[in-house]
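Okay, thanks for coming, everyone. Let me put this one on the screen and walk you through a few spots.

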Amino acid sequence: MAAGSGSIRILIKGGRVVNDDVTQEADVYIENGVVQQVGRELMIPGGAKVIDASGKLVIPGGIDTSVHLQQTFMNATTQDDFYSGTKAALLGGTTMVIAHVLPERDTSLLEAFEKCRTHADAKTCCDYALHMGVTWWGPKVRREMEVLVSERGVNSFQMFMAYKDLMMLKDSELYQALHSCKEIGAVARVHAENGELVLEGAKEALDLGISGPEGMEISRPEELEAEATHRAITIGNRAHCPVYLVNVSSISAADVIAAARIQGKVVHAETTVAHSVLSGMQYYHQDWAHAAAHVIAPPLRLDPNTPDYLIGLLGNDIINVVASDHRAFSTKQKALGKEDFTKIPHGASGVEDRMSVMWERGVVGGKMDENRFVAVTSSNAAKIYNLYPRKGRIMPGADADVVVWDPDATRTISASSQVQGGDFNLYENQRCYGVPLVTISRGRLVCENGVFTAAQGSGKFYPMRAFPDFLYKKMIQREKTQNLRRVDRAPYSGDVVTVTNSSRKESATPEGDVPMRAAARHAGVRDLHESSFSLSGAQVDDHIPKRSSARILAPPGGRSSGIW
């Protein structure tokens, strides 16, 4: 039987099976692309390929919830298409990716989706799904969102509070988009930064002569992320829609999310490997190319405590998912902004390194155990996007997306040896414990000891169902118990004041258009807003009798003594 065949039988023996809630010593038998048995002393048919996992972990394949493949963004096309990107994912232990479709403003979401499917189906090596970007708003967008959910297998939409004039929605549009997501049972992903102030900050930085990559961090401080995060949660709460914050990059934004969850709001969050590992001091590197390679949005943060803080929140379930947000560009492409940081394409590679870097910083670093590692890299994503337990768990009946993981093996990350696109790696020369020895995707043995055997186009589009319980179960129950009700009362039967035409005209002043106060003074009435001082000599209060002067012997606060 060929290694890439869907009918191959595989027995993984002697390993420790790790799910998000339990670790157990067990063998795993796979047939027809599905996990058939998990346990000891299994009775299996002959002819199975046996993989010895003694001393190793057997974990669910990773799910990377944010990748950008075969996409043009900020005048640059990503270095990875759906073949090289999914190949890199599989080599790194990720067996499913969710890629972004970002239609241009005023264009059809459905057409953008079909175009992306055409590219992806011919090239992808693993299971994939698609997020749809809502880059503008109108009745057509709402209708196409409904079609995408009901007929095309899409269950997530990403809205942007940044990228003004490119993808940003106004608050009222965001409210309507979130309301639509709630009606159709979709996951509402929100990129939260104050787009208006980001634009103003960029103008100010350029006016000051700051044109290098450091301008990215200067113009997008974390308070703009925290403010927008609070606003997104508030808008979602008013729309009765669960909110999923993406690319959480700062302590202050994470604190807003933590506070909202404590208050009982239905809020979930995703950060990236880069934000939870790297410092914003990279933007001040003397080498322009090095600094520009780290330009992502939101930017890396200067506060040196941020990475540990974010990994700690991943370990404690305040932040639920870690993604790569893989968007690979070359140094030449980054150089589009060599004289203006606002023109540097945002993005960095990471789909190949996500699992190993998180094991090193999370598990080896003592921030999470092996079960929590499985949760943030696979199981939570499966639950949020309604894939669980077909994905994100090793159990009978689940898709055979399985990785044999060696927690004691090490690898040194380098751009020179990576499969993913780009000529720079953010984690260059980092030595990581945690290496995938074997990767199985839907029962196909696609990677073994670094040898890749999957064929181009052998992956499949994975439709995602609406109304995931992980997000909507609590929200639906709340709506049943918290419906707004009118007060039943007898109608008012008294008099109603008559409104004259002049009154109507006066009350019709547009909100925010405040009329200027008349300069003329009213006879006989003192205007307390005007100065009582006059250069003419006569004062407005001359008619008031003057008090005789009195010497204050003991003024309030005590006497003054000293040279005064």
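Start with Ile 10: its bridge partner in S6 is Lys 49. That belongs to strand S1, residues 10-13, running parallel with S6, residues 49-52, over 4 bridges. Pairing here needs at least two DSSP bridges between the strands, and strands are DSSP E runs of at least two residues, helices H or I runs of at least four, numbered from the N terminus. S1 also pairs with S4, residues 27-31, antiparallel this time, over 3 bridges. There, Ile 12 stands opposite Val 28.

Quick housekeeping: this is a predicted model, so local features need pLDDT of at least 70 and side-chain atom pairs 80 or more, while totals for chains, interfaces and linings use all residues. Numbering starts from 1 along each chain as its sequence is written, and side-chain values use heavy atoms, with hydrogens and water left out.

Now, where is Arg 220? Arg 220 sits in the loop between H6 (214-219) and H7 (222-238). Arg 220 counts as buried because its relative accessibility is 6%, the cut-off being under 20% with a 1.4 Å probe, protein chains only. Its side chain makes a polar contact with that of Glu 193 at 2.9 Å (N or O atoms within 3.5 Å, one able to donate a hydrogen and the other to accept it; residues adjacent in sequence count only if both atoms are side-chain atoms). Beyond four places in sequence, its contacts (heavy atoms within 4.5 Å) include Tyr 163, Pro 299 and His 346.

Methods: Buried < 20%, exposed > 50% of the residue type's maximum accessible area, 1.4 Å probe, protein only.
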